[in-house]
Amino acid sequence: MCLGPVGRYLILLMMIVGLILTGCQLPKPPQGTIVQVRRVISGQTIEVLGLGEQATVAQTVRLIGLDAPDLAQDPWGQAAKAHLETLVNQQPVLVELDVQPRDTHQRWLAYLWQGNQLLNEAMVKAGYGLAVSRAPNLRYRDRLNNAQSYARVMGYGIWDPRNPLRQTPAEFRRQAAQPVRRNSPSP
């Protein structure tokens, strides 16, 4: 089948219109449960009311895709917690679960939303944590990785070249969990 210039033009035009229409689709709004934040525990963990079968019992929620500095990692751990408190601002949040709803510590694993803002992404973009993907919960992996790239280029938070985070939170926790070795006096 040989198309003339008009046929090729029409096919090209239909392809362009198709791309425009698919690119203009609105993203699917997050689905989940609106909860009240009882308190912020750390830069990656909150306690909420209104989640699960016992809605009046406080539940712990760990933010997916974010590894914030440990509270003992000065000054970053406390700064990350304070930033998450500012983002939450004592307002209800929408908890969106992914494939695996709980971790081995029975904490809920979730993405937190306030309006159109993904708080997990906001924490990473402001430089208050690392984007860390853990299968099977990968729904917003690209968004979190892009947020980390942005924070890194801009030198925000843990990426500030004047005072960067020297150990990842995972490295810090591993080192803190190791028993302290003391040198015994020589005979």
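1. A search of the whole structure, which is a predicted model, finds 1 cavity of 30 Å³ or more. The space in this largest cavity comes to about 50 Å³. Its lining is made up of Ile 64, Gly 65, Tyr 111, Ala 131, Val 132, Ser 133, Asn 137, Leu 138, Tyr 140, Arg 141, Leu 144 and Asn 145.

2. Sorted by class, the lining of the largest cavity holds 7 nonpolar, 4 polar and 1 charged residues. Helix α4, residues 141-154, gives the largest share of this lining, with 3 residues.

3. The largest pocket is a separate entry and holds about 430 Å³ of space. It is lined by 22 residues, and those closest to its centre are Arg 62, Asp 103, Arg 107, Leu 109 and Arg 134. The pocket lining divides into 8 nonpolar, 8 polar and 6 charged residues.

4. Two of the residues named for the pocket centre, Arg 62 and Leu 109, also face each other in strand pairing: Leu 109 in β6 is the bridge partner of Arg 62. Strand β3 covers residues 59-63, and strand β6 covers residues 108-114. These two strands pair in the parallel sense over 3 bridges.

5. Strand β3 is mostly covered, with 4 of its 5 residues buried.

6. Two peptide bonds deserve a check by eye. Most peptide bonds are trans. The bond from Asp 74 to Pro 75, however, is cis, with omega near -5°. Pro 75 sits in the loop between β4 (66-67) and α2 (76-88).

7. The other cis bond to look at joins Ala 135 and Pro 136, where omega is about 10°. Pro 136 belongs to the loop between β8 (130-131) and α4. Helix α4 is the element already noted for its share of the cavity lining.

8. Backbone angles also call for a remark. Most residues other than glycine have a negative phi. Asn 89 is not a glycine, yet its phi is positive, near 50°. Gln 90 likewise has a positive phi, of about 55°, without being a glycine.

9. Asn 89 lies in the loop between α2 and β5 (93-102), and Gln 90 is found in the loop between α2 and β5 too. As to cover, Asn 89 counts as partly exposed because its relative accessibility is 48%, a value that falls between the 20% and 50% limits. Gln 90 has a relative accessible area of 71%, so it counts as exposed, the limit being over 50%.

10. For the protein as a whole, there are 5 helices and 8 strands. Along the sequence they follow the pattern α-β-β-β-β-α-β-β-β-α-β-α-α.

11. Of the 187 residues, 35% count as buried. The protein exposes about 12100 Å², and 55% of that area is supplied by carbon and sulfur atoms. Among contacts between residues at least 6 apart in sequence, 59% join residues at least 24 apart.

Terms used: Residues numbered from 1 in each chain as written. Predicted model: local features only at pLDDT ≥ 70, side-chain atom pairs only at ≥ 80, totals over all residues. Heavy atoms only, no water. 1 Å grid on protein atoms, 1.4 Å probe; cavity = no way out; pocket = protein on both sides within 12 Å on 5 of 7 lines; lining within 4 Å. Points joined across faces, edges and corners; volume = space filled by probe spheres on them. Nonpolar A, V, L, I, M, F, W, Y, C, P; charged D, E, K, R; others polar. Buried < 20%, exposed > 50% of the residue type's maximum accessible area, 1.4 Å probe, protein only. Pairing = 2+ DSSP bridges. Contact = heavy atoms within 4.5 Å. Areas by Shrake-Rupley, 256 points an atom, 1.4 Å probe, with all protein chains shown as cover.
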